[in-house]
Amino acid sequence: MNEIPHVEEGEELLRERCDRYGTNESFANVMDAKEEIQECFRHFVNYSQIKQEIELAKPTGNLDVVFRKYCRRSHQFRDCVTNFTETLEPCLSPDERGSKQTFIDMLDSLIKFVCFKEGRHIALFIAEGGPECLMSNEEKIQECLNSTFSHYIPQEATDNQNDLPQFRLGQTECGDVTKAQQCIVGHLEKCTDPTPANIVNSLMSYVRKVTPCHQYERSTSRAGLTTVNSVLAFVAAALLLTKFH
């Protein structure tokens, strides 16, 4: 995505945060953890293998059998991510570190949804043309994400430690999450089958329920709402650092 910094730029921003909040070893530890999480993911799933398994299972309608195997090993995926966040935590501000449990809750919610009845959601998504629907709307989805999230990530590093961005999930940020979801789902609904759009919408809504955004959705007044430090720091760093081939 053109407006999102490259991996190198993200690493420089993370280095600044590690220097400010962590120790001399914090950034090096995160770089080591990046390699470990990539290797951990590769052990969890071989992308070439699962692609072949999916193609073989499609004609017989046995996609749920494929994903049952991986869902039963989902604890390995969880361990990969939680170990990375443990190492990343020293590079976050004290307030942001409080969002760690929110991130774990989101991860558990994601796994629970995807592996509902041992993978029936993801099996249905693939069987009804979900990947093709996503690919055909790739540029539109990028536009949705760019228009709502790109301004949260600085385009160049700052020399002033006090100007480092604080990742938050307050009322404004949650509003952007909702806008992005509506934008993405709106484009997916134009696919031939509505199932992929419905599943993506359900997944995003299901995961959002365990975040601070849920309280803003239920509120009818702006009074008394405070900005909540959030899981976005974990997510941004993970996306910028975890580069698969």
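1. Disulfides first. The count comes to six, taking a disulfide as a pair of cysteine sulfur atoms within 2.5 Å. Keep in mind that this is a predicted model: local features need pLDDT of at least 70 and side-chain atom pairs pLDDT 80 or more, while totals for chains, interfaces and linings use all residues. Residues are numbered from 1 along each chain as its sequence is written, and side-chain values use heavy atoms, with hydrogens and water left out.

2. One of the six is worth a look. Cys18 is joined to Cys91, with an S to S distance of 1.9 Å. The torsion about their S-S bond is about 95°, so this disulfide is right-handed. It ties together distant parts of the chain: Cys18 sits in helix H1 (residues 7–21), Cys91 in the loop between helix H5 (74–88) and helix H6 (94–97), and the two are 73 residues apart. Helices here are DSSP runs (H or I, at least four residues), numbered from the N terminus.

3. Next, a helix pair. H10 (residues 138–149) and H11 (residues 171–188) have axes that come within 9 Å and cross at roughly 165°. Axes are lines fitted to C-alpha atoms over the stretch in contact, with angles from 0 to 180 degrees between N-to-C directions. H10 and H11 are therefore roughly antiparallel to each other (angles over 145 degrees count as such). H10 passes H11 in a right-handed crossing, meaning the near helix is turned clockwise from the far one by less than a right angle.

4. Who touches whom there? On the H10 side, the contact residues include Ile141, Cys144 and Leu145, and on the H11 side Val177, Ala180 and Cys183 are among them. Contact means heavy atoms within 4.5 Å. The residues of this contact divide into nine nonpolar, two polar and three charged. Ala, Val, Leu, Ile, Met, Phe, Trp, Tyr, Cys and Pro count as nonpolar, Asp, Glu, Lys and Arg as charged, and the others, Gly among them, as polar.

5. Then there's H7 (residues 100–114) with H12 (residues 195–208): their axes come within 9 Å and cross at roughly 145°. H7 also passes H12 in a right-handed crossing. Met106, Ser109, Leu110, Lys112 and Phe113 of H7 meet Ile199, Ser202, Leu203, Tyr206 and Val207 of H12. By class, that contact has seven nonpolar, two polar and one charged residues.

6. Finally, confidence. Mean pLDDT (the predictor's confidence in each residue, from 0 to 100) is 80 for the chain, and 78% of its residues reach 70 or more. Residues 1–6 fall below 50, and beyond near neighbours in sequence that stretch has 14 contacts in the model. Residues 219–245 are also below 50, with 64 such contacts.

Definitions and conventions
Angles under 35 degrees count as roughly parallel, over 145 as roughly antiparallel, 65 to 115 as roughly perpendicular and the rest as oblique.
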